[in-house]
Amino acid sequence: MAEIVLDGITKRYPDGALAVRDVNLTIADGEFVILVGPSGCGKSTTLNMIAGLEDITDGTLRIAGQVVNDRAPKDRDIAMVFQSYALYPHMSVRDNMGFALRLAKADKATIAAKVEEAARILDLTQHLDRKPANLSGGQRQRVAMGRAIVREPKAFLMDEPLSNLDAKLRVQMRTQIAALQRRLGTTTVYVTHDQVEAMTLGDRVVVMRAGVVQQVGSPQHLYDE
Ligand code: ADP
Ligand code: ADP
């Protein structure tokens, strides 16, 4: 678990586009923060800078007290969950979920135990030997989350993880993500353009518009006015 601090974070793409401008935000240890706003306002760019997938043009990013601006994604101890599940089609659910631990050369017994624990939490125990193609959308999304949680990262970063699901599954998964985050208590930053997700999921909502933070507050505070 970890605090994430964005201090004057700015992103200018090589073509000159100023995508994110002077974002100042402290995300507390264990907090669930939603980044919301219309398409193109800079949500994904902000998340990708936290993940280390985009360079930071200006400003300082700290994770757990350490400046990480120049650290590679794998050295930031955070896990990203994307909308496109990006599962390996030829691998079983078990192997997909254990992949990062195998890369990190964890021993087999540890990997098996962590994968089984994550599968229990995510209700995937009966599906461990199946391939992604034989799962429903919601099950695939849960495998993607399982892949993130087995690493026990300091933080989860989620970019529209539910946008490929139908409306009914989305509601169901929303509840499951909120419950999972409470149970694990892992600092989470969740990007969405969906007001309902913003209202129901997080502890705090950050509203972005045209590259800047427009408003920050609790869901009740922001939406009851
Ligand atoms: P979203 O709105 O869900 O963030 P986009 O469709 O805006 O997705 O972006 C999808 C991909 O295209 C991202 O990898 C993003 O970096 C890239 N992209 C978005 N806008 C531009 C742009 N103006 N020039 C180049 N790449 C872009
Ligand atoms: P959001 O996630 O809120 O939809 P993005 O962070 O994807 O917004 O994009 C913010 C702005 O940066 C947009 O104007 C987009 O066109 C631009 N942008 C995103 N990715 C790139 C890129 N790779 N190159 C140039 N411009 C980009």
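Trainee: Where is the place of Glu 160?

Mentor: Glu 160 sits in the loop between β7 (155-159) and α5 (167-184). Helices (H or I, at least four residues) and strands (E, at least two) are DSSP runs numbered from the N terminus. The model is predicted: local features need pLDDT of at least 70, side-chain atom pairs count only at pLDDT 80 or more, and totals for chains, interfaces and linings use all residues. Residues are numbered from 1 along each chain as its sequence is written, chains are lettered from A and ligands numbered from 1 in the order in which they are written, and side-chain values use heavy atoms, with hydrogens and water left out.

The phi of Glu 160 is near 45°, a positive value in a residue other than glycine. Glu 160 counts as buried because its relative accessibility is 10%; buried means under 20% relative accessible area, exposed over 50%, and partly exposed in between (1.4 Å probe, protein chains only). Asp 77 is also a non-glycine residue with positive phi, near 60°. Asp 77 is placed in the loop between β5 (66-67) and β6, and at 30% relative accessibility it counts as partly exposed.

The strand β7 belongs to an open sheet of six strands, ordered β6-β7-β8-β3-β9-β10, with mixed pairing. The edges are β6 and β10 (212-217); each has a single partner strand, so one side of each is left without a neighbour in the sheet. Direction ignored, neighbouring strands of this sheet are turned by 20° against each other on average. Axes here are lines fitted to C-alpha atoms, for helices over the stretch in contact, and angles run from 0 to 180 degrees between N-to-C directions.

At the β10 end, strand β9 (residues 204-209) and β10 run antiparallel and are joined by five bridges; two strands pair if DSSP finds at least two bridges between them. Within this pair, Met 208 is opposite Val 213 in β10.

Two helices pack on the sheet. Helix α1 (residues 43-51) touches β3, β6, β7, β8 and β9, and its direction makes about 150° with that of β7. Helix α4 (residues 137-149) touches β6 and β7, with its direction at about 170° to that of β6. Contact means heavy atoms within 4.5 Å.

On a 1 Å grid over the protein atoms alone, a cavity is a set of points where a 1.4 Å probe fits but cannot get out, and a pocket is an open set with protein on both sides within 12 Å along at least five of seven lines; lining residues have an atom within 4 Å of a point. About 630 Å³ of space lies in the largest pocket, with grid points joined across faces, edges and corners and the volume taken as the space filled by probe spheres set on the points. Its lining has 22 residues, of which Ile 78, Ala 79, Met 80, Ala 100 and Arg 151 lie nearest the centre. At least two lining residues come from each of β6, α2 and α4.

The structure holds two aromatic pairs. Ring centres of Phe 32 and Tyr 190 are 6.0 Å apart and the planes stand at 50°, so this pair is tilted. Rings of Phe, Tyr and Trp (its six-membered ring) pair if their centres lie within 6.5 Å; planes under 30 degrees apart count as stacked, over 60 as edge-to-face and the rest as tilted. Phe 32 in strand β3 (residues 32-36) and Tyr 190 in strand β8 (residues 187-192) are 158 residues apart, and the pair links distant parts of the chain. Phe 32 counts as buried at 2% relative accessibility, and Tyr 190 as buried at 0%. In the other pair, Tyr 88 and Phe 99, the ring centres are 4.7 Å apart with planes at 50°, so that pair is tilted as well. Tyr 88 is in the loop between β6 (78-81) and α2 (93-103), and Phe 99 is in helix α2. Tyr 88 is partly exposed at 31% relative accessibility, as is Phe 99 with a relative accessible area of 22%.

Helix α1 also reaches another set of strands: it lies across β1, β2 and β4, running at about 120° to β1. These strands belong to an open sheet of four, β2-β1-β4-β5, with antiparallel pairing.
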